[in-house]
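I opened my notebook to record what I looked up in this structure. The entries follow in the order I made them.

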Amino acid sequence: MSSAILWAPLAFGLIGLFLPNRAVGWWATLGTVVTLGLAIAAALGFDSGSSALQYAVDEPWISGLGVDYSLGIDGLNLFLILLTAVLWVGGVAFAAFREQERPKTFYFLMLVAETATLGAFLAQDLLLFVLFFDLMLVPFYFLFGAWGHDRTAEGGPTASAATLKMIVYTLIGSLLMLVAAIATAVLAADGGHISFSLAYLNEHGLGHGSQQWIFWFFATAFLVKMPAFLLHGWMPDAYRAAPLPALVVFSGVLAKVGAYGFLRVVLPLFPDATVEFQEVILLIALASILYGSVMAFTQTNVRLIAGYSSVAQLGFITAGIFALRADGSDGAVLQMVNHGLVVAPTFVIVALLLERTGTEDIREMGGMALRAPVLAALFLIVALATLAMPGSANFVGEFYILNGLFQAKIVFAFVAISGVAMSAYYALRLYQGTMHNRPPSVQNQGLLSREIGVRDALVLVPLVLCIVGLALYPQLILERTAPKVQQTVARVQGGETPEAKLAGMSKKELEKLVTGVPDAGVRP
Amino acid sequence: MNFNEPHIDYAGISPLIALTVGVCVVLLSAVFKPLRRTAPLLTMVTLGAAAGLLIWQWDDPKTLITGALRLDDLAISISLISILTAAFCVLLSIRERATEEAGSGEYHALLLGSVLGMTMLAQATNLVTFFVALETLSIPLYILCATNLRREGSLESGLKYLIVGSIGSATLLYGMAFLYGGTGSTDFAGIAEGIARNGLDGDPLILIGIAMAAVGLAFKTSIAPFHQWTPDVYQGAPTPITSFMAVATKAAAFAVFLRFFDVALGSQLDSWQPALAALAAISILVGNVGALGQDSLKRLLGYSGIAQAGYMLGGVVVATESGTSSLVFYLAAYAFMNLAAFSVIVARERETVFGDDIRGVRGLGAERPLLAWPLTISMLALAGLPATAGFIGKLYLIEALVEGDYTWLAVFIAVGTMISLAYYLRVVAAMWMRPETEAAPGAQPVIAGASPEADPVDPEAGKRWYIAGPALLAAAATVFFGVIPQPLVDFAEHAGRSLFG
C-alpha cells in the first residue's frame with residue numbers, strides 16, 4: 001500500500017511523457033486522483049487507536065551502506081499524506097484546465113514532485129527521508145525556473161535567479177542534514193553495522209555532545225524549508241516567480257515537511273538537545289510569527305501576503321511542536337493540515353484574480369464580490385479559516401497549540417497570542433482588498449469581475465469543502481494522530497528540570513507517561 | 001649453476017599483453033591504406049578483449065612478475081573504468097577534427113598506449129612499475145592533447161601538460177628515491193617492512209619522501225594547489241581526449257594513490273593523514289570557487305574535477321576498507337556523470353559556432369531534449385542531487401569519512417557541494433530557462449571564418465548514434481545506479497576488500 005501510494009504519481013508521470021500534448025493534462029489529473037484514492041483507502045483502513053507503524057514496508061536497498069527502503073504510515077504522517085494527495089489533485093487539475101507550455105515536461109515534473117513529497121512523508125529510514133527531502137526540490141527548481149514569471153519589470157529578479165536563490169538556501173540546509181544523518185547513524189552503530197532505520201535509531205540514542213551539533217544541522221534544514229524568520233530570504237522571490245499551479249502545492253505541502261521533520265526526526269532522535277534548545281527554537285518561532293504577520297500587513301502583492309502569512313503560521317506550528325507537550329504537538333499536526341488546506345485555495349484564488357484583473361497588486365483590485373458572489377463566498381470561508389475563527393478547525397488547532405505553550409512556557413504563549421490577533425488583520429485585509437471596496441483609481445478600468453467558472457469551481461469547491469468538513473469534525477484528525485504524537489512527545493517531555501527528570505526515569509515510568517498517567521506519579 | 005625458469009602467470013598479464021598487441025596492430029593498420037578506416041574498430045576490439053580478460057580474473061587476486069604487479073579486484077575495477085572511458089572516447093572521436101589531423105591510426109594507438117599505462121598503474125606494487133606505468137600513461141596524453149594541430153589552444157595545452165606533468169613526475173621520482181634510500185626496497189610491501197625494520201617511524205628521510213610522492217601524485221590527480229594546469233589543458237585539448245583525461249587518468253592515479261599510501265606507507269598514517277586531508281579541503285575550496293563564473297564548459301568541468309578530486313581524496317585519507325570502496329564507487333559514478341556531459345559538449349561543439357561556451361547549450365531543453373537531458377542529469381549528479389549515482393557516491397564517501405573520524409572533512413564536502421550548486425545549476429538554467437539578459441540575436445563569433453571552428457562542422461551531430469548513444473547511455477547509467485546502486489556497491493566493495501580484506 002505504501003509503495004503504491006509512493007510510486008503511483010511517478011508511474012503516471014512517466015507514461016504521460018509518451019502521450020499526445022492534449023491528453024497529458026488529464027492523464028496527470030487522473031494520476032493524482034488515483035493517488036488520492038489510494039491514500040483515502042489507506043486512511044480508511046487505518047487503525048486509529050494504535051501508535052504503531054501501519055502499512056509498513058521494509059526491504060534492504062543498499063545493504064552495504066545500511067540504507068533500507070522502509071516506508072510506513074502512522075498518526076504523524078497519515079493526514080499529511082492525505083493533504084499532499086488532495087492538494088496535488090487541486091494543483092494539477094487547475095493546471096489541466098489551462099494551456100501549459102511544454103505540457104509533457106510540466107506534468108511529468110509535477111508528478112515527480114508528488115512522489116518525492118510523499119516519499120519524504122512516508123520514509124521510515126533516515127537516509128531515505130533525506131533523499132526524498134532533497135529530491136523534492138529538483139522538480140520545483142525546474143517548474144519555478146522554466147515556467148515561472150520574471151519580475152524584472154518590477155525591479156525583481158528573473159525566474160531563474162529567484163529559483164537559484166531558493167535552491168541554494170534549501171540545499172545548504174539539506175546537505176548539512178545529509179552529513180548529520182550519516183553522523184547519527186555512524187555514532188549510533190558505534191562500530192557495528194550501520195543502519196539508518198528510524199526504529200533502530202530511536203532505540204540507540206546518541207551522546208549529549210553529538211546531539212547538540214547534529215540537532216542544529218537538522219534544525220537548519222527544516223527551518224529553511226518552512227521558512228522561519230532569518231532563513232526566509234528565498235521565499236519572497238521564489239513565491240513571486242512561481243507558476244501558480246506549482247505554488248499551490250508548494251506552499252501547501254512543502255513547508256510542512258520541515259515541521260514534520262521536527263516531529264519525525266528531531267524530537268525522537270535528539271531529545272536532550274531538543275530540551276536544551278527548546279527556548280531558542282521557540283524564540284525563532286515567535287520571531288517568525290511577529291515578522292510574518294507584520295510583513296503580511298504591509299505587502300501589496302497578494303502572493304507575498306499569503307507567503308508571509310505562511311511564515312507566521314509555520315511559526316505557530318513550530319511553537320506548538322517545541323512546547324514539547326502532547327497538546328502543542330497535537331495542535332501542530334492538525335494545524336499543518338489546516339494551513340495546507342487554507343493556503344492552497346488562497347493561491348488558486350490569487351490565480352483567478354490575476355486572470356480577472358491582470359494584476360497581483362492588492363491596491364489595484366477590489367469590488368469583485370459584487371459580480372462574483374460565489375467566488376467571494378468561497379474566499380470568505382478560506383479567509384475566516386485562515387484567521388482561525390472559532391468554529392473552524394484552525395481555531396481548534398491554534399487552541400491546542402496555545403494550550404500546550406501555556407503549560408510549557410507561559411511568557412512565550414502570551415506573545416504567540418498576539419499572532420492570533422494579527423492573523424485576523426491580514427486575512428481580512430486580503431479578503432476586503434480583493435473582494436470589496438473597489439478603489440476609485442481603478443473604478444472604470446476594465447476589471448473583469450467574472451464569476452468563477454464551473455471548471456475552476458471543481459477545483460476550489462472540494463478544497464473549501466475539506467475546510468468546512470474539518471471545521472465540523474476536527475476529531476477526525478486528532479483521534480488518529482494523538483497516540484503517536486503523545487508517544488513522540490513523551491520521549492522528550494519534561495517539567496521544570498527536564499534533564500533530571502528524564503535521567504531518573506525508568507522504562508516503565510516512561511511507558512506510564514505514554515499512557516497518560518498524571519505528571520505527579522512519575523516524579524522519581 | 002642452475003637456472004630456474006621464473007614462473008610467469010600469462011593469464012595474469014594477459015590484459016596487458018592484449019593492450020600491447022592492440023597498440024602495435026592499430027599503429028600498423030595506419031600504414032596499410034585499405035585498413036586505415038578500421039583503426040577505431042580495432043581499438044574497440046582491443047579494449048573489449050582487455051576488458052574480457054580482466055573480468056575473467058575477477059575475484060582471483062594474484063601477484064605477478066615477482067611482486068611488481070598485483071592483479072586484484074581494485075586493479076581490475078579501476079582498469080575497467082579506464083577501458084570504459086576509452087571506449088567512450090573512441091566513439092566521441094569519430095569524425096573529430098583531431099583524429100583526422102593527427103592520423104586515425106596514431107591517435108588511437110596513443111589512446112590505447114595510455115590505457116595500457118593505466119591498467120599497469122592500477123596494478124603497480126613496486127616503485128619501478130609505478131613510475132614506468134605512470135609515464136606510459138602520461139606521454140601519450142601529452143601528445144593527444146596537442147593533436148588538434150591547427151589550433152593554437154590545443155598545442156598550448158599539450159605543451160603545458162608536458163611541462164607540468166614532467167615536473168610532477170620528477171617530484172614523484174625524487175620522493176621515491178628518498179623512500180628507496182631509507183628502506184632499501186622498491187616493493188610496496190618491502191617499503192612498509194623496511195620502515196619498521198630500520199626504525200624509520202617519522203624519520204625526516206621518509207617524511208620528505210612521502211611529501212614529494214604526494215605532491216607528484218597530486219599533480220596527476222589535479223589536487224589543489226597543484227592544479228593550475230587543469231583548466232587550461234582541459235580547455236585546449238580535443239574534447240574526447242579531455243573526457244578521457246578527466247576520468248581515466250584520475251581513476252588510475254587514485255588507484256596507485258590508494259595502494260601506495262594505504263599499503264606501503266600505512267604505518268606512517270599519522271604523518272600523512274592530516275596533510276592529505278588538508279589538501280583535500282583546499283582542493284574542494286579552490287575547485288568550487290574557481291568554477292564559479294566560468295563560461296567555457298570544459299574549463300568549468302576542469303575546475304569541478306579539481307573539487308571532485310578533493311572529495312575523492314577523502315577516500316584515501318581515511319585509509320579504511322570503506323574509504324577504498326567509496327572511492328571506487330565515486331570514480332565509477334564520476335565516469336558516467338562526466339562522460340554524459342562531455343558527449344553533449346562534443347555534440348554542441350560540432351553543431352554550433354560557440355564551441356564549448358555555455359551559450360552553446362542555451363535553450364537546449366526546448367530544442368533538443370535528447371541532448372539536454374543527459375547534460376541536465378550529469379550536472380545534477382555532479383551536484384550530488386538524489387536519484388543519481390552522484391548522490392549515492394557522496395553518501396558513501398561521507399559515511400566512510402565519518403566512520404574514519406574525519407567528520408570535519410565530510411562537512412567540508414557538504415559546504416563545497418553547496419558552492420558547486422551555483423555553477424552546475426547555471427548550466428541547467430541555461431538549457432531550460434529563459435536567459436537572464438536578452439542575448440543579442442544569434443551572437444556571432446568575433447570574425448567568421450577566422451578559425452576552423454567558426455562554422456558548425458555538423459549541424460546534426462547530436463543526432464548521430466556515436467554521440468547521442470554515449471550521452472544517453474552514460475546518463476541512463478547515472479540514474480540507474482542512483483536508484484539501484486547495489487550492483488555498483490558490490491563492485492566497489494570487492495575492490496575495497498582486496499586492499500584491506
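I began with I65(B), which sits in the loop between strand 1 (62–64) and strand 2 (69–71) of chain B; strands are DSSP runs of E with at least two residues, helices are runs of H or I with at least four, and both are numbered from the N terminus. Phi of I65(B) is near 45 degrees, a positive value in a residue other than glycine. Most residues other than glycine have a negative phi, and most peptide bonds are trans. I65(B) counts as partly exposed because its relative accessible area is 47% (buried is under 20%, exposed over 50%, partly exposed in between, with a 1.4 Å probe and protein chains only).

I noted that the model is predicted: local features need pLDDT of at least 70, side-chain atom pairs count only at pLDDT 80 or more, and totals for chains, interfaces and linings use all residues. Residues are numbered from 1 along each chain as its sequence is written, chains are lettered from A and ligands numbered from 1 in the order written, and side-chain values use heavy atoms, without hydrogens and water.

I then looked up R102(A), not a glycine, and found a positive phi of about 40 degrees. R102(A) lies in the loop between helix 3 (78–96) and helix 4 (103–122) of chain A.

Next came the cis peptide bonds. The one from M226(A) to P227(A) has omega near -10 degrees, and the one from A224(B) to P225(B) has omega near 0 degrees.

Last, I took chain B as a whole. I found 20 helices and two strands, and 63% of its 501 residues count as buried.
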